[in-house]
Amino acid sequence: MNQKKNMETAEIWCSDIETIHERYNQRWHIIKMHILWPYLFVQKKDHDRYLQWAIAAKFIDPENYDIFELNMIKLKNIELLEEVLHALKKRNHSITFLERLLDLLDKVDAINCDLDEAVAMIEKTEEINALQMEVKSGTGRSRMAAIAIGCFQYAYFLKLMCPENLPHIVPNIDAKSFLESEDCRERGNKEFKKENYEAAVNLYSRAIDLSPDNEILYGNRALCFFRIENYKKALGDGKRAIILCPAWTKGHYRFCDALFSMGEHKHAIEANAKAQELCRSDPNGIRDLIQQKSKFVRLQDENAEKLKTDTIKKELSTKKEQSQLATQPVNECHKNESTRPLSPRGTRKEMF
């Protein structure tokens, strides 16, 4: 019975892709936000199955579950999950693949398995295990953990979305809350112009509490954090902005700036190139991203040249010190010999 229902679900999903492309893209974006939400936006209080798996995979540290500040370890785990989701999206046209995935989810639900058991199921299912060929990031274990977390959460939402009953991540805000959020944003903008960045951060944070799915608020707060050189928090807000709105150039700009300022030059340049692909419909924004990339490349070359010069100077200095040390004992020996007192006979004492 379940297998028949799973086949019907897969067929409905694939037919929507072919007939209503815009609605499919909207659905896909909602699924991605649901899966990434506990890593970036809200700390889950209830440890559901997928949060437990994320903890087992060390994607989330239960002792330090802080989504506000984003370091490179957390970012790489999130990007690994994104890579899995991208690979899944390319298989959305395959009824067979989706049916197999839904069947596996039924087995997971039946035994309430842990992460290792879920990974073992995937490894025994050729169609799902083939995702390993497309996911290049991470170690072998982290890659399979990300595939399990991404696949089974995706299958769960796939079942929910056919009857159009996917739960909202953020409840619809009322008019009063919206106006209050906008008021905080405008007051934050005024504080930012006066370079009162801490005050602006507080106001933008209040606005985010009222409207947590507004990418502009995260972009504004990211710029404040960047100005006070709190790059990890700027990185987190930049990433949140582009998860909410993947084609928003300012969000990408903030994210890339934070990466570069953290010393992640190669990563920043790669993220900029990806941003230019996503934001092709915004010519003005693309121009800003092109200029940003040129700046990154120039600064990277200058840093490399400076490092090369400093290395050469250090090597020359080391060689000079070694040369001086090599000659010092001989000089000291002659000096001691010439100043040693004569024996009563007028000759220097022999040394034995």
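Residues are numbered from 1 along each chain as its sequence is written, and side-chain values use heavy atoms, with hydrogens and water left out. As the model is predicted, local features need pLDDT of at least 70 and side-chain atom pairs count only at pLDDT 80 or more, whereas totals for chains, interfaces and linings use all residues.

Two packed helices are described by the angle between their axes and the distance between the axes. Helix 11 (residues 215–227) packs against helix 13 (residues 249–261) at an angle of about 25°, and their axes lie 10 Å apart. Helices here are DSSP runs of H or I with at least four residues, numbered from the N terminus; axes are lines fitted to C-alpha atoms over the stretch in contact, and angles run from 0 to 180 degrees between N-to-C directions. The two helices are therefore roughly parallel to each other, a term for angles under 35 degrees. In helix 11, Gly-219, Ala-222, Leu-223 and Phe-226 meet Arg-254, Asp-257, Ala-258 and Ser-261 in helix 13, contact meaning heavy atoms within 4.5 Å.

Rolling a probe the size of a water molecule over the atoms shows where empty space is left. On a 1 Å grid over the protein atoms alone, a cavity is a set of points where a 1.4 Å probe fits but cannot get out, while a pocket is an open set with protein on both sides within 12 Å along at least five of seven lines; lining residues have an atom within 4 Å of a point. A volume is the space filled by probe spheres set on the points.

A search of the whole structure finds one cavity of 30 Å³ or more. The largest cavity has a volume of about 50 Å³, and its lining includes Ile-35, Tyr-39, Asp-48 and Gln-153. Helix 2 (21–40) and helix 3 (49–56) are the elements that give two or more residues to this lining.

The largest pocket has a volume of about 1,200 Å³. Of the 36 residues that line this pocket, Lys-32, Glu-82, His-86, Lys-274 and Leu-278 are the closest to its centre. Helix 4 gives the most to the lining, with nine residues.

The second largest pocket holds about 650 Å³ of space. Among its 29 lining residues, the closest to the centre are Trp-37, Pro-38, Val-42, Lys-44 and Ile-169. Helix 2 gives the most to this lining, with four residues, and helix 11 is one of the elements that supply at least two.

Technical notes: Parallel < 35°, antiparallel > 145°, perpendicular 65-115°, else oblique.
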